[in-house]
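Dear colleague,

Please find below the sequence and the structure that I am handing over to you. My notes on what was found follow directly after them.

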Amino acid sequence: AGWGGVYAAWRLGVDTGAIDPAAMCVFEANGRVGGRVYSLRGLPDFDDLAIDVGGYRFIESDLLPAQLVWKALKLPTACYDWACSAQCEGANCYVVKDAYGNNFGYSWPVETMLGQLEDAGEGQQVFFGKELTAVLPHKATDDAPLAHVAGAVVLKFADGTRVIADKLLLNLPGNAISRLSPESVLFADSSPLTSALLNSVTTFSLTKSYA
């Protein structure tokens, strides 16, 4: 449930209404939202401040996050450079603030989109601790309500739960793709080009240091 996956769900279910929000679910492998955006709150001696240990700002010329934050979600922001002197690749970078001007964390747009999705839907729509292990074809012989739907798939998770879906949008990092069962439809039923692209995914570590 990082920026990409959450934005796709929000666009489909809330912004455009292309899919009924009540029929949508978002599954996150970890216990938090944000992906590589990680906002820490409630730290000792930091009061209401949030510390971003991942991505933490957007540049005004990058219209997707800028227009999303300002126009669609209407979240308060402030220049990263206090003088707003275009020190960010010739433009201004912005961070997300709370109503009192404190840094509230770059995960707030993600959290806001998920909140709007759940408000527009019915019951719980966001599930944490759901590490995907396989995406398998849903056979018509299965005793399930979507057995008649062409292209329906079974999602298997590490905690033993299963979910049947008639539509699926995956937004996975490379290491999560590499851990999927080789029987998954991504590998078994994909075109040669898709298979080559999946097999070409590589991962590497990044470290963010504060001095």
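In this predicted model, the side chains of R41 and E111 meet in a salt bridge, with 3.1 Å from N to O. The term denotes a side-chain nitrogen of Lys or Arg within 4 Å of a carboxyl oxygen of Asp or Glu. The pair links distant parts of the chain, 70 residues apart: R41 lies in the loop between β2 (39-40) and β3 (51-52), and E111 lies in helix α3 (residues 108-120). Helices (H or I, at least four residues) and strands (E, at least two) are DSSP runs, numbered from the N terminus. R41 counts as partly exposed because its relative accessibility is 33%, and E111 is partly exposed as well, with a relative accessible area of 28%. Here buried means under 20% relative accessible area, exposed means over 50%, and partly exposed lies in between (1.4 Å probe, protein chains only).

A word on conventions is in order. Residues are numbered from 1 along each chain as its sequence is written, and side-chain values use heavy atoms, with hydrogens and water left out. As the model is predicted, local features need pLDDT of at least 70 and side-chain atom pairs count only at pLDDT 80 or more, while totals for chains, interfaces and linings use all residues.

The other salt bridges

The structure holds 5 salt bridges. One of them joins R11 and D15, whose closest N and O atoms are 2.6 Å apart. Both residues lie in helix α1, 4 residues apart, which is about one turn of the helix. R11 is partly exposed at a relative accessible area of 34%, and D15 is partly exposed at 39% relative accessibility. Another salt bridge is formed by D166 with K167, the closest N and O atoms being 3.7 Å apart. In that pair, D166 counts as partly exposed because its relative accessibility is 39%, whereas K167 is exposed because its relative accessible area is 61%.

Packing around helix α1

Helix α1 (residues 3-15) and helix α2 (residues 63-72) have axes that come within 13 Å and cross at roughly 50°. α1 is therefore oblique to α2. Axes are lines fitted to C-alpha atoms, for helices over the stretch in contact, and angles run from 0 to 180 degrees between N-to-C directions. Angles under 35 degrees count as roughly parallel, over 145 as roughly antiparallel, 65 to 115 as roughly perpendicular and the rest as oblique. The crossing of α1 with α2 is left-handed, a term used if the near helix is turned anticlockwise from the far one by less than a right angle (right-handed if clockwise).

On the α1 side, W3, Y7 and W10 are in contact with L64, P65, L68, V69 and A72 of α2; contact means heavy atoms within 4.5 Å. The residues of this contact comprise 8 nonpolar, no polar and no charged. Ala, Val, Leu, Ile, Met, Phe, Trp, Tyr, Cys and Pro count as nonpolar, Asp, Glu, Lys and Arg as charged, and the others, Gly among them, as polar.

Helix α1 also packs against α3, at an angle of about 35° and with the axes 9 Å apart. This crossing is likewise left-handed. W3, V6, Y7, A9, W10, G13 and V14 in α1 meet P109, V110, M113, L114, Q116, L117 and A120 in α3. By class, the residues of the contact of α1 with α3 are 12 nonpolar, 2 polar and no charged.

Two loop residues

N102 is found in the loop between β6 (93-96) and α3, and is partly exposed at 24% relative accessibility. Apart from neighbours within four places in sequence, N102 is in contact with D48, L49, V96 and K97. The C-alpha atoms of N102 and P76 are separated by 10.0 Å, the two residues being 26 apart along the chain.

K130 belongs to the loop between β7 (126-127) and β8 (132-137). K130 counts as buried because its relative accessibility is 16%. Not counting residues up to four places away in sequence, K130 touches F27, E28, A29, F157, D159 and T161.

The protein overall

The protein has 6 helices and 10 strands. Its C-alpha atoms fill a box of roughly 65 × 40 × 35 Å, taken along the principal axes. Of its 211 residues, 36% count as buried. Among contacts between residues at least 6 apart in sequence, 56% join residues at least 24 apart.

With kind regards
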